[in-house]
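Dear colleague,

Please find below the structure I promised to hand over, followed by my notes on what turned up when I went through it. I have kept to computed values throughout, and I give the cut-offs where each term comes in.

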Amino acid sequence: MQLFIDTANVDEIRTAAGWGLLDGVTTNPTHIAKSGRGFEEVLLEIFGIVDGPISVETVSLDAASIVNEGRAIARFHPNAVVKVPVMIEGLKAVRQLSSEGIKTNVTLCFSPVQAFLAAKAGATYISPFLHRKELAGDDGISLVREIRAIYDRYGYRTRILAASIRTVREVLECLRAGADVATMPFDLLESLYKHSMTDAGLAMFLDDWKKVPPTRLFADLAAAR
Ligand code: E4P
């Protein structure tokens with residue numbers, strides 16, 4: 001499963017990219033607004049940090065304008081993925097953009113049938129929103145599970161990009177459900193690496209290591225320090 005970061009904060013993206021396991025970025029109009037910077041300026045910096053798929057969202061409501069926005073986003077950078085909300089005009093645009101070889105990410109998906117339509121339109125990615133569904137009292141992860149079953153059953157190649165994830169548990173559920181990608185905020189990405197028992201175990205090992213007589217094996221390292 002690929003790991004994407006869901007933000008337009010370049011400091012967070014740079015730090016997460018430095019950990020070596022980041023595959024891509026998803027942005028949305030809220031993230032761009034929060035960055036407090038100009039659209040092109042912040043995108044240009046993001047494309048320079050991560051060499052992977054970067055989703056950039058369209059904001060038009062009719063198909064012709066979405067297609068124009070999508071073409072402009074695709075021209076902006078070869079790694080750009082045009083993010084389009086799942087709606088009639090959006091899916092008309094996705095069909096056109098995919099026929100032109102432009103990668104798309106159909107977003108704001110809350111039902112398996114919407115995911116089916118996105119795949120039929122030729123979307124590269126579908127973004128089911130897990131946690132927002134949970135907040136509405138629904139089972140977020142079953143959405144991913146059902147989409148997986150439909151895509152496998154009918155051979156759709158659209159990739160499942162699980163979005164709106166808030167907890168480590170939800171990341172684990174995405175792995176179990178067969179999501180192709182999980183995108184998440186910086187803090188959650190960081191907390192995937194952490195476990196209190198790892199910290200406690202490491203503290204104990206390092207403490208015990210002080211009782212071991214000096215070794216020549218690490219002499220070069222010690223000299224370099
Ligand atoms: C995904 O691409 C979205 O940007 C994101 O996950 C939005 O969800 P959230 O605002 O609930 O986190």
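K194 is exposed, with a relative accessible area of 54%, where exposed means over 50%, buried under 20% and partly exposed in between, using a 1.4 Å probe and protein chains only. Its side chain meets that of E190 in a salt bridge at 3.8 Å, N to O, and E190 counts as partly exposed at 27% relative accessibility. By salt bridge I mean a side-chain nitrogen of Lys or Arg within 4 Å of a carboxyl oxygen of Asp or Glu.

Before going further, please keep in mind that this is a predicted model, in which local features need pLDDT of at least 70 and side-chain atom pairs count only at pLDDT 80 or more, while totals for chains, interfaces and linings use all residues. Residues are numbered from 1 along each chain as its sequence is written, and side-chain values use heavy atoms, with hydrogens and water left out.

The structure holds 16 salt bridges. One of them joins the side chains of D138 and K133 at 3.5 Å, N to O, and here D138 is partly exposed with a relative accessible area of 37%, whereas K133 is buried at 14%. Another pairs D207 with K210 at 3.4 Å, N to O; D207 is partly exposed, with a relative accessible area of 41%, and K210 is exposed, with 67%. Salt bridges that share partners also join D11, R14, R37, E41 and E45 into one network.

As for the overall picture, the secondary structure comes to twelve helices and eight strands, these being DSSP runs numbered from the N terminus, with helices (H or I) of at least four residues and strands (E) of at least two. The C-alpha atoms fill a box of roughly 70 × 40 × 30 Å along the principal axes, and buried residues make up 44% of the 225 residues. Among contacts (heavy atoms within 4.5 Å) between residues at least 6 apart in sequence, 55% join residues at least 24 apart.

In soluble globular proteins, nonpolar side chains tend to be buried together. The largest nonpolar core in this model has 55 residues, and those with the most contacts inside it are I5, I46, V106, I126, V144, I147 and I165; such a core is a set of buried Ala, Val, Leu, Ile, Met, Phe, Trp, Tyr and Cys residues joined through side-chain atoms within 4.5 Å. Helix α8 (residues 140-154) gives the most to this core, with five residues. If neighbours within four places in sequence are left aside, V106 is in contact with V84, V86, L91, V94, A118, A123, Y125, I126 and S127. A second, separate core of five residues includes V81, Y125, L161 and V181.

Two loop positions may interest you. T158, in the loop between α8 and β7 (159-162), is buried with a relative accessible area of 4%, and its side chain reaches the backbone oxygen of A123 at 2.8 Å. Leaving aside neighbours within four places in sequence, T158 is in contact with A119, A123, T124, Y125, I126, Y151 and D180. F129 is found in the loop between β6 (125-128) and α7 (130-135) and is buried too, at 9% relative accessible area. F129 and F110 are 19 residues apart in sequence and 6.2 Å apart in space, C-alpha to C-alpha. Not counting residues up to four places away in sequence, F129 touches T107, L108, C109, F110, L143, A163 and S164.

L108, found in strand β5 (residues 104-109), has a positive phi of about 60° although it is not a glycine, and counts as partly exposed at 32% relative accessibility. S164 lies in the loop between β7 and α9 (168-177) and has a positive phi of about 50°, again without being a glycine; at 8% relative accessibility, S164 counts as buried.

With kind regards

Terms used:
Polar contact = N/O pair within 3.5 Å; in protein donor to acceptor, adjacent residues only side chain to side chain.
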